[in-house]
Structures are given as structure tokens and as C-alpha cells.
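These are my notebook entries on a protein structure, kept in the order in which I looked things up. The sequence and the model come first, and my notes follow.

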Amino acid sequence: MKMKQIVACAALVAASSVAAPAFAGATGNVGVFSDYMFRGVTQTGGAAVQGGLDYAFDSGFYLGTWGSNLNFAGSGGDGTEVDFYTGYAGKVGDLGFDVGALYYYYSEAEETAPATSPDTLELYAGLTYGPVGVKYYYTSEYFGTDKSASYVNFTLAQPLTETLTLTANIGLNDGDGVKAAFGDSYIDYSLGLAKSLDAGFTATFQIVTTDQDPAYGGGPDSDSPKVVFGLKKVFDL
């Protein structure tokens with residue numbers, strides 16, 4: 001994988017899902033997944049171990065950090081991604097809102113290609129109403145391309161039972177930065193189930209795909225559905 005593709009994949013790694021903590025106080029999370037998919041693009045080509053820390057204030061402000069291993073096969077892009085984010089979340093009646101900023105840091109990329117560092121600052125704003133949500137992300141420098149890009153994400157989290165939730169996602173990746181990295185804008189999709197278990201564990205199953213043209217930067221299997229399994233634990237600190 002060429003460096004431009006590494007940069008693009010790194011960009012897709014972290015911004016997938018930043019959510020404000022649901023209550024005041026400190027929480028942690030740790031999980032293992034069969035693959036690390038970000039906006040339809042694999043970041044590990046295999047197993048991923050991830051974890052994070054969050055702190056929510058009574059006022060609605062929150063901050064946190066999250067990390068994962070990376071492995072871009074054949075590229076020398078193995079390493080670690082660490083994200084830092086802060087924002088403000090609240091509700092107006094039944095309408096929830098969330099605004100904030102997210103910074104992506106990639107340790108190996110800094111060492112191997114500092115001139116084209118994928119480290120990126122992204123701003124986001126989102127709304128939720130019942131089980132549906134929409135979130136918009138924007139960066140003026142898309143992960144080493146020095147071009148702007150945006151991501152609009154539509155989500156569904158519909159409870160089926162007290163412990164089982166249907167999840168779905170459609171996201172539009174657009175802008176000059178995305179086109180420079182992948183050859184064109186593209187849409188990613190996912191459909192899955194999340195099962196709440198005892199002791200704060202959640203098991204997940206997802207099918208993830210995109211409409212990327214394999215002839216572009218997505219690679220030969222970029223438009224093939226991927227199946228991802230995960231197990232995550234959330235705990236109070």
C-alpha cells in the first residue's frame with residue numbers, strides 16, 4: 001500500500017464514532033475486534049485491541065482519549081493510533097446534540113514520513129432523535145493530503161429486546177482530500193447487532209462495505225463486504 005493510501009486509511013481510523021459519555025464521571029473501555037474498520041476501510045487487516053478513557057462533567061462538557069493498534073499490510077505502516085477529543089453534549093426536549101473536536105495522532109507515521117504526517121484535527125457536530133442520528137465531520141487538512149474533506153454519518157440504533165440492538169450506518173466521504181487519497185468520493189455502509197451481556201460487556205456483529213471502485217485507492221477488495229466481530233467492556237473509574 002502506498003503512503004497516500006496509508007494516510008487515507010489512517011484518516012479513516014479514528015473519526016468513525018466519537019460519542020459523549022452518557023453521565024457525569026469517569027469511565028473506561030477496552031475491546032477486542034476481528035478487524036478495525038473505519039468508514040468502510042480496514043485499518044489492521046486482522047485483529048485489533050482498543051481502549052479508551054472518558055470524563056464527563058455535569059455541565060455537559062466531556063473529554064477523552066482512545067487508542068488502537070494499526071497494521072497496513074505490506075506498507076510498513078504498523079503502529080499505534082491515539083485520539084484525543086473534547087466537546088459539549090446536551091438535549092433540548094427530545095433532541096440531543098453534540099459538538100466538539102477530535103485530534104488523530106499516528107506514532108509510526110510521524111517517525112517514517114514526518115513530511116506527510118497524517119495527524120489531523122477534525123471538527124464535528126451531531127444531532128440525535130430517538131434511535132436515529134446524524135453527524136458531520138470536517139477537516140481542512142485530510143490526513144497528509146493538505147486538502148479539505150468532510151464526512152456525513154447517518155446512524156440507527158434500534159432496540160429489538162432489552163439486551164439486543166440493531167445498528168446501521170450510512171456515511172458519505174467527500175471533499176478534495178478524499179478524492180486525492182481514494183480517487184473519488186465514496187459511501188460506506190454497515191449493518192449489525194449489539195448484544196448487552198453481564199458485567200458491562202457488549203458483543204457486536206457487523207457487515208461493512210463501501211461503493212468504492214476497486215480501480216481507485218480502495219484496493220482490490222474495497223467493495224467486498226467484511227464481517228467484523230467484537231467484544232467490549234465499559235467500566236466506571
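**Entry 1: burial and overall make-up**

I began with burial, and of the 237 residues of the protein, 41% count as buried, where buried means under 20% relative accessible area, exposed means over 50%, and partly exposed lies in between, with a 1.4 Å probe and protein chains only. I noted that this is a predicted model, in which local features need pLDDT of at least 70 and side-chain atom pairs count only at pLDDT 80 or more, while totals for chains, interfaces and linings use all residues. I also noted that residues are numbered from 1 along each chain as its sequence is written, and that side-chain values use heavy atoms, with hydrogens and water left out.

I looked up the secondary structure and found three helices and 14 strands; helices (H or I, at least four residues) and strands (E, at least two) are DSSP runs, numbered from the N terminus. The protein exposes about 11,600 Å², and carbon and sulfur atoms supply 62% of that area, which comes from the Shrake-Rupley method with a 1.4 Å probe, where for residues only the protein chains shown count as cover.

I then looked up contacts, a contact being heavy atoms within 4.5 Å. Among contacts between residues at least 6 apart in sequence, 49% join residues at least 24 apart.

**Entry 2: confidence**

The pLDDT, which is the predictor's confidence in each residue from 0 to 100, averages 86 over the protein, and 81% of the residues score at least 70. Over residues 1-17 the pLDDT is below 50, and this stretch has 68 contacts in the model beyond near neighbours in sequence.

I next followed the pairing of strands, where two strands pair if DSSP finds at least two bridges between them. Strand E4 (residues 48-56) runs antiparallel to E5 and is joined to E5 by seven bridges, and in this pairing Gln-50 stands opposite Ser-68 of E5. The two strands E4 and E5 form a hairpin with four residues between them, and Gly-60 in the turn has a positive phi of about 110 degrees.

E5 also pairs with strand E6 (residues 79-92), in the antiparallel sense and over 10 bridges; here I found that Leu-63 has Thr-86 of E6 as its bridge partner. I also looked up Leu-70, which lies in strand E5 (residues 61-70) and is buried, with a relative accessible area of 7%. Leu-70 and Thr-80 are 10 residues apart in sequence and 5.5 Å apart in space, from C-alpha to C-alpha.

**Entry 3: strands E11, E12 and E13**

E11 and strand E12 (residues 186-196) run antiparallel and are joined by 10 bridges, with Gly-192 in E12 as the bridge partner of Thr-167. E12 is in turn joined by nine bridges to strand E13 (residues 201-210), again antiparallel, and Leu-193 has Phe-205 in E13 as its bridge partner. E12 and E13 form a hairpin with four residues between them, where Ala-199 in the turn has a positive phi of about 65 degrees.

**Entry 4: salt bridges**

How many salt bridges does a search of the whole structure find? The search finds two, a salt bridge being a side-chain nitrogen of Lys or Arg within 4 Å of a carboxyl oxygen of Asp or Glu.

Arg-39 forms a salt bridge with Glu-122, and their closest N and O atoms are 3.6 Å apart. Arg-39 lies in the loop between strand E2 (37-38) and strand E3 (41-42) and Glu-122 lies in strand E8, so the pair ties together parts that are 83 residues apart in sequence. Both Arg-39 and Glu-122 are buried.

The side chains of Lys-135 and Asp-98 also meet in a salt bridge, at 3.0 Å from N to O. Because Lys-135 lies in strand E9 and Asp-98 in strand E7 (residues 95-106), this pair ties together parts that are 37 residues apart in sequence. Both residues are buried, Lys-135 with a relative accessible area of 11%, and the C-alpha atoms of Lys-135 and Asp-98 are 8.6 Å apart in space.

**Entry 5: a nonpolar patch**

Last, I looked at a nonpolar surface patch of about 810 Å², whose residues include Val-92, Leu-127, Phe-154 and Ile-170. Patches are made of residues with over 30% relative accessible area and no salt bridge, and they join like charges within 9 Å and nonpolar side chains (Val, Leu, Ile, Met, Phe, Trp, Tyr) within 5 Å. Strand E8 (120-129) and strand E9 (132-139) each supply at least two residues of the nonpolar patch. Ile-170 is found in strand E11 (residues 164-174) and, at 44% relative accessibility, counts as partly exposed.
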